[in-house]
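Subject: Handing over the structure

Hello,

Here is the structure we talked about. Please open it first, then read the notes below it.

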Amino acid sequence: MSLFQAEHIAVSFGGVKAVQDVSFTVHSGEVFSIVGPNGAGKTTIFNLISRIHDVDAGRLLFDGDDITRLPRHGVAERGIARTFQNTELFDGETVLNNLLIGCHVHRRTGLLAELAFLPSVRRQELGFRRTAEEVIDLLKLQHYRDHLIAGLPYGVRKLVEVARALCMRPRLLLLDEPSSGLNPEETEDLGFWLDDINAELGITVIMVEHDMGLVSRASHRVMALADGALLTIGTPAEVQRHPDVLRAYLGD
Amino acid sequence: MRFIRKTRYAQDIALFRHNGQRFWYALLGVLVVAAPLALDDFYLGEMAQVYIYAIAGIGLMILVGYTGLVSLGHAAFLAIGAYAQAWLLTRGWPFPLALGGAALLTAATGAAVALPVMRMTGIYLAVATLAFAVIVEQVIVHWASVTGGFSGMLVPGADFAGMDLASPRAFYWLCLGVLAAALLLAANLLRSPSGRALVAVRDSEVSAASMGIHLIRTKTLAFGLSAGFTGLGGALFAHKIGYLAPDAFTLQLSIMLLLMVVVGGLGSLHGVVFGAVFIGLLPQGLALLRDTVPPAVAQIPGLEPGVFGAILVLVLIYEPQGMYGRWCKIRAYFSEFPLYRRATYKRQKRYLRTERLQ
Amino acid sequence: MDVLQLLISGISQGCVYGLIALGFVLIYKATEMVNFAQGEMMMLGAFVAITFINVLGWPFLPGVLAALAVMAVVGMVLERLLLRPMIGEPHFAVLMLTIGLGFILRAVAGAIWGGSPRALDSPYAGKVWQFGELVVGAESVFIVAGTALLCLGLYLFFRFSRLGIAMQAASQNQLAAYYVGIPVKRIYALVWALSAVIATCAGVLTAPVSLVDPLMGLIGIKAFAAAIVGGFGSLPGAIIGGLVVGLAEQFAGLYLPPGFADMSAYVILLVMLVVRPQGLFASMQHKKV
């Protein structure tokens, strides 16, 4: 059952065709990876989905709804969360506060209620805290709970970024190069967490990745791009053997 | 050393961390409420002024400290609040309604200002607020039918809950009460999703938007709330000074409000109160100083702003976390004695990173 | 002829704004700090020139050169004492620091030279030249000529030295600049000295037109508007922005009711910020995520 569909999307920046006529479908509950050499347009596609850029052509459908022209905050409200290639955390805050901000989409109270800190607000705060603690338990961030982001090591920051996205309880999670900057052990841990997120929490994942080991291990299907154009979609094994993909990575 | 053992999430949400804090704040509360019984009218007036500055400072702190939007023209909101209060009173509004009305009017103006400045950042925003303040000043001068222009406007006397506001005691308790309410509202804001949204917008607009935070709404909220609190302070300020004229709300006042927030400690409500006490006491301190230095020094034009400037510079270089930061360090020293290490608070050497890429 | 007269006043006043704006932009390009005390540097420079020329009796040109030298040193000292510790701090903190610096400089000037306005003895004060019906004050001509010369000098300096690129590198990523061997601290000192010199030129050029007193630096805010109009990263933009503001002020005084002329700089500023914040010449870049 398809959760997300991109139909013939294209975008250019100046004269550069960053993405040309790319179409793909992501099924509910799967882990879908996007691979390709640098400049292939992978992060651009994420930016199109989370509405940082506008598409020049094509449509994006999430669970049947057209999200091509949604405002940026609307994407999160639909249940799509994303992480960024260079972590975009809230540097002046603690890890816990970052996660609590991640719960923002589930806010049901208005400004006046919050100014008065009515019991409904208090209940909501406790609920958010519970959600954040569950995510902390899942990703083992207890030690860092009250640390400011500014002093954290890089691997932990990437993890906090994923944790923050999980607090949104999304249906679709976009991970942008989650293993970049991580050592092999941390990458292996990431593989386990991906399994947990996908199997236990039932979250569909679209992942941009360079680490082919992680891709093979964790993904159900893979899409290969080069220079903004779609090369092929298939299982990790199929894609790795595809002649166009080999040509894109290794040359003729 | 105090170890706080947390067993419930509610402890993290609460306004006071532990019973020791509750005790000290309660003591402080008793002292300030009982102050009129011990102090004479002059000091009551000074303390009321400190409270008014603090209320205005809460507004500025919300904008600068929490949302990261610098305002060099906040005296304009003070002016709007003051003039609105005076005008509403002359129209016969009862005092509590006038106070609320003045605050709401100022909040609306603030929200309106937010719209054109929505996409501005950093220095551009600061200068835009400066320009806004100048324009407000000109409007006050030229809209003489409402504001009395250069000749100014008398603030009508008022009474509230049976007490005449001209009485220093009544006015003191009023300002204290409004400050307590304002602090409570601000503290509630900051521990709720709206407050966190402000901070998120400050730290990373891109990821705030991808978390579902509505950027336009949040910035408008920040400006509106900030203006509202400052306008409330302005309305009380009107009663304090009794007679409104455009030259009571100058650029220097805007800078002084910023000074208060920075010197007090950016990023905390405690900082606002510390800063307000500092700003309130500074003219008295300077007056005392003037008596002790030779007349040649005392007569220097621009001495008071010069001293402000010097203090601001020293605080920014040597104690960027302000008075509250220094207070926290001192407290940590005593509570961790003899294990306190200076390195805990040592600032890392930082290198310039461009902010031009937004 | 009225219009032509206004044109001349607008251009000469605009040149003064432009010179101060040039100082702003120079410091910003190199250090990404905004120096709100640039107007006060101008004021200080004018006072120092007065000391050399009026008080000590030096002839005009040597007096001006001495003032430039003194102010260059002052600029470097201020940078070393106040701005060096602030490197890496958020930009808003530096802004506040320079605002405080402005207050301090005003008080210092008031202490040394007193608060009453003084005039600078210049050899061309009061001279006028007549072109048919057009009366042109010699001061205006010298302001424009002086600005043009200064701009030419700066252009040559940046064109034929590696300083310009080094400046930009140091402001975009200081750590990386250190790594490639750019003497970052020396550049900062140099840039502040240069800014102080430019501000002093502005002060000396405008002193015959407007009297010198501690509050004359407040036109710095209008000069700031000029810098924003021109675009904060562009040196020629600063001058052009200054001209725009200067001319707009004069013509607003003619065509609009009184009181609006004073506001016109701020209105232009706000319009520019809303419509095209990067100014006429600079370009703002967006962060890639």
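Two strands pair if DSSP finds at least two bridges between them. That term comes up throughout the sheet notes. One caution before the findings: this is a predicted model.

**Chain A, overall**

Chain A has 10 helices and 10 strands. Its C-alpha atoms fill a box of roughly 65 × 40 × 35 Å along the principal axes. Take the contacts in chain A between residues at least 6 apart in sequence: 66% of them join residues at least 24 apart. The accessible surface comes to about 10,600 Å². Carbon and sulfur atoms hold 51% of that surface.

**The open sheet in chain A**

Start with the sheet of four strands. It is open, its order is S2-S1-S4-S5, and the pairing is antiparallel. Which strands sit at the edges? They are S2 (16–27) and S5 (65–66) of chain A, and each pairs on one side only.

Now look at S1 (residues 2–13) and S4 (residues 57–62) of chain A. Five bridges join these two antiparallel strands. One position to check is A:Phe4, whose bridge partner in S4(A) is A:Phe62.

Helix H1 (residues 42–49) of chain A lies across S1, S2 and S4 of chain A. H1 runs at about 110° to S1(A).

Next, go to strand S3 (residues 31–35) of chain A. Is it buried or exposed? Five of its five residues are buried, so S3(A) is largely enclosed by the rest of the structure. A:Val31, A:Ser33 and A:Val35 point one way from the strand. A:Phe32 and A:Ile34 point the other way, and all are buried.

S3(A) pairs with two strands described here. With strand S8 (residues 204–208) of chain A, the pairing is parallel over four bridges. A:Val31 has A:Val205 as its bridge partner in S8(A). Four bridges also join S3(A) to S9(A), and these run parallel. There, A:Ile34 stands opposite A:Met223.

S9 leads on to a hairpin. S9 (residues 221–226) and S10 (residues 229–234) of chain A pair in the antiparallel sense over five bridges. A:Ala224 stands opposite A:Thr232 in S10(A). Two residues lie between the strands of this hairpin. In the turn, A:Asp227 has a positive phi of about 50°.

**Chain B, overall**

Chain B comes to 16 helices and four strands. Its radius of gyration is 21 Å, close to the 21 Å that the globule rule gives for 358 residues, so chain B is as compact as a globular protein of that length. The C-alpha trace spans about 60 × 50 × 50 Å along its principal axes. Of the 358 residues, 53% count as buried. Residues 24 or more positions apart account for 75% of the contacts in chain B with a separation of 6 or more. The accessible surface is about 16,400 Å², with 65% of it belonging to carbon and sulfur atoms.

**The nonpolar cores**

In soluble globular proteins, nonpolar side chains tend to be buried together. The largest nonpolar core here has 208 residues. Those with the most contacts inside it are B:Ile58, B:Leu72, B:Leu244, B:Phe249, C:Phe224 and C:Phe232. Helix H3 (residues 41–66) of chain B gives the largest share of this core, 16 residues. Apart from that core lies another, of 49 residues, including A:Leu96, A:Cys103, A:Val135 and A:Leu159.

What does B:Ile58 touch, leaving aside neighbours within four places in sequence? Its contacts are B:Leu179, B:Ala182, B:Leu183, B:Ala186, B:Phe229, B:Leu269 and B:Val272.

**One residue in chain C**

Last, find C:Thr98. This residue is in helix H4 (residues 91–113) of chain C. Buried means under 20% relative accessible area. C:Thr98 has 1% relative accessibility, so it counts as buried. Not counting residues up to four places away in sequence, C:Thr98 touches C:Val34, C:Asn35, C:Phe36 and C:Ala37.

Best wishes

Key:
Residues numbered from 1 in each chain as written. Chains lettered and ligands numbered in written order. Predicted model: local features only at pLDDT ≥ 70, side-chain atom pairs only at ≥ 80, totals over all residues. Heavy atoms only, no water. Core = buried A, V, L, I, M, F, W, Y, C linked by side-chain atoms within 4.5 Å. Buried < 20%, exposed > 50% of the residue type's maximum accessible area, 1.4 Å probe, protein only. Contact = heavy atoms within 4.5 Å. Areas by Shrake-Rupley, 256 points an atom, 1.4 Å probe, with all protein chains shown as cover. Axes fitted to C-alpha atoms, helices over the stretch in contact; angles between N-to-C directions. Rg over C-alpha atoms; globule rule 2.2 N^0.38 Å.
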